[in-house]
Amino acid sequence: MKRAAAILVALVLAACHHNEQLADAAAEGNAAAQYEYGRRMLAGEKGVRANPQQAALWLTAASLRGHSRAQSLLGWCYAQGLGVEKSAEESRKWYEASARRGSPVACLELAKDSLRNHREPDAARWLKPLAEAGFPGPQNILGKLLLMDKGGAIPQSEAQRYLRFAAMNGDAEACLLMSYCYAAGIGVPRNATLMNSWLRMAAEQGDPTAQKLLSPAAP
């Protein structure tokens, strides 16, 4: 028992020492240290006392130095009003800065915000990097947006391509939409065999509409 307590004390002291080094590096202008110290302060973890206002200052300092993860987290702070005054404009500004540096989290938040505000072309723009990176959910959403011609002047074959990516990654709804594409000849030639193949795959993945369509009782 005494040994366990001694180990715990040693770990706490080591964490405190590390936090001091982190604070020193942050004060010297190290963006990575500013981000990590701000993140710990925001969450109140690893021996750092929670202080949202001070955390936001550290995150701002790191963000101004171009730290992508700090920019994304600062965007979230402005969206939530955590440590800063809530501001959709500031939130979007920092999310966009982070997204331009390739942050998947920032791209996703921007896409969600665009969809909530019925800005489908913007949503498609932010979903595209995620879709190209292989995320099935964004691939499916982007495919649907393009399929409905709400993502801009992009051929339907491009919409079908993203749906195929999502379907091959196991997205049941994307499988169903692929079946629809082959049934209606959207972006691909009509093909009853492939239509049924994708429909069965959607049913196997648990899509209720596909299961109903394949049910013997279905009209």
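## Contacts of arginine 40

In this predicted model, arginine 40 touches His18, Asn19, Leu22, Glu45, Lys46 and Val48. That list leaves out residues up to four places away in sequence. Arginine 40 belongs to helix α2, which covers residues 31-43.

Is arginine 40 buried or exposed? Its relative accessibility is 7%, so it counts as buried. The cut-off for buried is under 20%.

## Packing of α8 and α10

Helix α8 spans residues 136-147, and helix α10 spans residues 172-184. The two pack at an angle of about 30°, and their axes lie 10 Å apart. That angle makes α8 roughly parallel to α10, because angles under 35 degrees count as roughly parallel. The crossing of α8 and α10 is left-handed.

Which residues make the contact? Helix α8 supplies Asn140, Lys144 and Leu147. Helix α10 supplies Glu173, Ala174, Leu177 and Cys181. By class, the residues of this contact are four nonpolar, one polar and two charged.

## Proline 121 in α7

Proline 121 sits in helix α7, residues 120-132. Its relative accessible area is 47%, so proline 121 is partly exposed. The exposed class starts over 50%, and buried means under 20%.

How far apart in space are proline 121 and leucine 145, C-alpha to C-alpha? The distance is 8.4 Å. In sequence, proline 121 and leucine 145 are 24 residues apart.

How values were computed. Residues are numbered from 1 along each chain as its sequence is written. This is a predicted model: local features need pLDDT of at least 70, side-chain atom pairs count only at pLDDT 80 or more; totals for chains, interfaces and linings use all residues. Side-chain values use heavy atoms; hydrogens and water are left out. Axes are lines fitted to C-alpha atoms, for helices over the stretch in contact, and angles run from 0 to 180 degrees between N-to-C directions. Helices (H or I, at least four residues) and strands (E, at least two) are DSSP runs, numbered from the N terminus. Angles under 35 degrees count as roughly parallel, over 145 as roughly antiparallel, 65 to 115 as roughly perpendicular and the rest as oblique. A crossing is left-handed if the near helix is turned anticlockwise from the far one by less than a right angle, and right-handed if clockwise. Contact means heavy atoms within 4.5 Å. Ala, Val, Leu, Ile, Met, Phe, Trp, Tyr, Cys and Pro count as nonpolar, Asp, Glu, Lys and Arg as charged, and the others, Gly among them, as polar. Buried means under 20% relative accessible area, exposed over 50%, partly exposed in between (1.4 Å probe, protein chains only).
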